[in-house]
Structure formats: structure tokens, C-alpha cells
Amino acid sequence: MTMNIESVTLTYERAKGDPVTAIRDIDLEVRRGEFVSLIGPSGCGKSTLLHCMGGMLRPSSGRITVDGEPITGPKPSRAAFVFQDYSLFPWRSVVDNAATGLRFAGVRKAERRAVAMKQLELVGLDHVAESYPAELSGGMQQRVAVARALAMDPQIMLMDEPFGALDEQSRRRIGIEMSNVLTEAEKTVVMVTHSLDEAIFWADRVLVMGKGPGRIVREFVVDAPRPRRLDFMTTASFDTLRAELFGLLEGAPEEVVAP
Amino acid sequence: MKHKIAVWCLRILGLIGLFGAWAYATGPGGVSPILVPKMSVVWEQFKLLVTSSHTWSSAGITAVELLAAFAIALVAGVVVGFICGRTPFRAEVAEPLIAWGYLVPLVLFYPLFILWFGVGMQSKIAYGALSGFFPIAFNSLRGFRAIDQRYLKVARAFGASGSQTDWQVKMPAALPMVLSGVRIGAALCMITVILAEMLASTRGLGYELARASQTLQVAEAFALILILLVFVAIVQYAINHFGKERYRTDA
């Protein structure tokens, strides 16, 4: 599986004022089994790019293909989302939430529940399968959302600031846990994040985006095998990378924010 | 637990107060039995009424009218709310109209219903259905309109078809709002049907009550009110039981 993004531009028409170009001329290749993180200042179009990859938004120009086949709309077996706000259905139990995509695809009840249960086991939530989302913590809800995406057995997982709403500690803990799960499942993942640590710790490649309009300004390769252990965050190479990223995002805004 | 006991004690105390005042008024209070009959007489009447088949058939008629009116109001209200809540444009057009229908005293139309449907059951059903329709349509409209965009986004991302989005996402998402409309609508149906029977009809509990008080059968009227109170309590219980939300929203 290879996803090719070729000179993708997305321009929004606005009711008032000039149209806004959210992203311009993005070129990117995502290869099988790779973990790519997208980081950049707010409004740099990283989430827009992710939505284009999943067929939720249509580029104004350029094209996105998976193994040569163009993306024309959402298709969860090709690209499954984990959204920032967990967005579980409060009227469905945890296992039924995890089976949501399968139900839409017309999979029979017993079968889809079995698949969903397997994914819940993977994210460590099989013991709350019959609970309702409101009874779960934010971190648990997001793990259900991960299970829901995994249940589609997608070629690529698209995660939009998946742990942004969690507190620092659970964010790190669940992040490491999910990173391991996804690595072991050999998933191809593109993740949008605000967190430098997260961007480096999870990924094989970190893409830094700049804004006005959104484009990719730098690419870093994180040269360490996955799954990684927490102490990877204390290594010198992690620190160097982090400092470089920090400088790029915070220290030299002229490079990230176009004139 | 202690709290619960206190609550029940006070409730019972309230009832004792009410019946005590009644007993005092008809006894030492010297209120005329034409205005307020003695409790014992009402009780005798009550026993007489609940053993008569006429009362049961009257109650049956009222119940059928109520059920028919409610069924029409429910289906029409949810369908109209769903259709009008589909686009912001439709909602903008329909919302003030439905709100207006909700506020208008629909009893104004009752003489017309009698003209169109006669004094039989149909006019009660029409009037009851109309008054139950507006709160159900209004709340359904708002429920369908206010569906959290996140749910629709998930539906789209996970490949839901149009009808799957309608039935598996929009319906359950709007359900709490729809149900609150249904509860109000059912209560209004009940009030209207009984009122309509009292105003002009030939049968039903409301009719019996109006006849009894107009012919100064005050004890019978009191007994009928007692029966109606039980009837209302049963309906209320049914509504609350069926209308209970099955899940908590993720607030």
C-alpha cells in the first residue's frame, strides 16, 4: 500500500471576502507500515490535509491515490479516522460503538461483535464492552475510537490530534500504549498532533507544516526502531530532534509562517 | 433512605390535610352537600360506578379516543419534525409556524371539528391529535436540527448510507428531544380529549362528568373525578415508563 499525494491544493470559498487557501501544493508519499506525524502551528492546514487523505474533503486541485486508485470519498476500509473529540455514539454500548463501521458495511451482528471484541481486547477494554461511553473516562473513550477504526482493518489510519483532550499524564500513558498496539498491528498511520514529544515518539517521519497557505516546510526522519520504550524520550537523539523541532516551530517563525 | 421516609411522610400528611379539610367542611364546617358532598357518599358512588359496566365502557371510549389521538399526533409530529429539521432552510420556515400552533388555544377550532366530524369520537380524536401534534413536532424539529455534527462526521467517515444515517444516527441522536416532546404531547392529548368530551359529546368519562355536574349529581361528579384522577395517573405512569431515556448523553 502506498498513498500518493500529488500537488494537492484546497481552497475554501467564503460567503464574504476572498477565498482562503488552506493548503497549497502538498506532495507526500506514505508507505506501507509507516508512521507519519504532522505538526505545525494552528491553522496550518494539517487537519485539512488529513481530511483530504480520508476523502472527507475534496482537494480543489491535485490528486490523492492509494495504490494508483484515486480517492473520491470516505471509505473506512481504506482509510479509517480517529477524531480529536472521541465522537462515540452515546446510545450504543462500547462494543457496538467499536462495531459501528462494520454495521454500516452490513456485517452480521454476531460477526461484527466478534471482530469488535477482538479490537477491544487489543486496546485493553474488553472488560467494559457492555458499558456506555458516558461511563468511561476520556482516555478510555478514545481507545474505543481507536478500536472502532481498527475494526475496519483499514489500509491506513488517520488520527486527528487523537489525545489532545487528555491531561498530560494519561496522554503519555495511553499514547505509548496505542503506539505499541498500532505498531504490532503493522498499521500505516498518519497522525496530526500539537505535541512535539508525541510527534517524535510515535513516528518514523515528522513533517513540519507552515501556514499561510499550509505547506510542508521540513521533514525529519526519526531513526529508531518501533515500538519504542518510554526511555526513548530521554535519549540524546530524541533531545536533538526535539530541540530542532522546537526551534523550527517556536524560534524561527518566519520560516514556518510565510510572509 | 431517611430522606425518602421524610418525603413520603410529608406526602401522606398533605393528603391527610386535604381529606381532613374535606371532612371538616362537610361536617362541622356546615358546607351544603349540594356543593361538596360527604366523603362517605362519594365513596358509595365511587363503588357504584366502578362496578357498573357503563362506567367501564365510558372509560374504554375515552381511552380509545386518547390512544388514537396520541398515535396520530406521534406519527405526524415526528415525521413533520424530521422532514422540516432536515435543512436549515426548512427549519427556518417551519419553526415559527409550529411554535405558533403550539401557543394558539386550539379549543377555538373545536366547534369546527364538531361541524366536520360530528359529536362522536372522531371530533375528540381530531382535536386531541392536533393539540398533541404541535409539541411533538416542535421538539422533534429542534432535536433533528440540533444533532451534534460530530455524529454526522463519524457516520460519513465510517461509510453510512443516507438511510443508515437517518435511522441509525439521526433518530437516536434526536431521541431525547423527541421524547420530551412526546411526554408533553401525550399530556396535552389527555387533557384535550377529556375537555372535548365535557364540551360536546354523547359518551365518555368527560361526558359523564359534565352530565353529573349539570344535573347536580355532585357526589357522582366527585366520584367521576376520582376515577379520572386514577385514569390520568395510569396514563402518566405509562408515559414516564416508556419515555425514559435509555442512555445518558455524554455531558
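Modeller: Start with a definition. A cavity is a set of grid points where a 1.4 Å probe fits but cannot get out, and a residue lines the cavity if one of its atoms is within 4 Å of a point. Keep in mind that this is a predicted model.

How many cavities of 30 Å³ or more does a search of the whole structure find? The search finds one. The volume of this largest cavity is about 30 Å³. Its lining comes from chain A: Cys52(A), Gly55(A), Leu57(A), Arg58(A), Pro59(A), Ile64(A), Ile71(A), Thr72(A) and Gly73(A). Sorted by class, five of these residues are nonpolar, three are polar and one is charged.

These residue numbers can be set beside a record. UniProt, in an unreviewed entry, lists residues 3-236 of chain A as "domain: ABC transporter". That span is 30% helix and 27% strand. Its end C-alpha atoms lie 32 Å apart.

Now for the open spaces, the pockets. The largest pocket has a volume of about 330 Å³. It is lined by 15 residues. Nearest its centre lie Leu67(B), Phe70(B), Val235(B), Ala238(B) and Ile239(B). Three helices of chain B each give two or more residues to this lining: α3 (53-84), α8 (162-199) and α10. By class, the lining has 13 nonpolar residues, one polar and one charged.

The second largest pocket has a volume of about 230 Å³. Helix α10 of chain B returns here: α10 and α1 (2-26) each supply at least two lining residues. Among the residues of the lining are Leu15(B), Leu18(B), Phe19(B), Trp22(B), Val42(B), Phe222(B) and Leu226(B). The lining counts 10 nonpolar residues, with no polar and no charged ones.

Which helix does α10(B) cross? Helix α2 (residues 39-50) of chain B and helix α10 (residues 218-242) of chain B have axes that come within 8 Å. They cross at roughly 65°, and the crossing is right-handed. From α2(B), the residues in contact are Val41(B), Val42(B), Gln45(B), Phe46(B), Leu49(B) and Val50(B). On the α10(B) side they meet Ala219(B), Glu220(B), Phe222(B), Ala223(B), Leu224(B), Leu226(B) and Ile227(B). This contact has 11 nonpolar residues, one polar and one charged. Val42(B), Phe222(B) and Leu226(B) take part in this contact, and they also line the second largest pocket.

Definitions and conventions:
Residues numbered from 1 in each chain as written. Chains lettered and ligands numbered in written order. Predicted model: local features only at pLDDT ≥ 70, side-chain atom pairs only at ≥ 80, totals over all residues. Heavy atoms only, no water. Axes fitted to C-alpha atoms, helices over the stretch in contact; angles between N-to-C directions. Helix = DSSP H or I, 4+ residues; strand = E, 2+ residues; numbered from the N terminus. Left-handed = near helix turned anticlockwise from the far one by under 90°. Contact = heavy atoms within 4.5 Å. Nonpolar A, V, L, I, M, F, W, Y, C, P; charged D, E, K, R; others polar. 1 Å grid on protein atoms, 1.4 Å probe; cavity = no way out; pocket = protein on both sides within 12 Å on 5 of 7 lines; lining within 4 Å. Points joined across faces, edges and corners; volume = space filled by probe spheres on them. UniProt positions renumbered as here; feature names shortened; annotations may be inferred.
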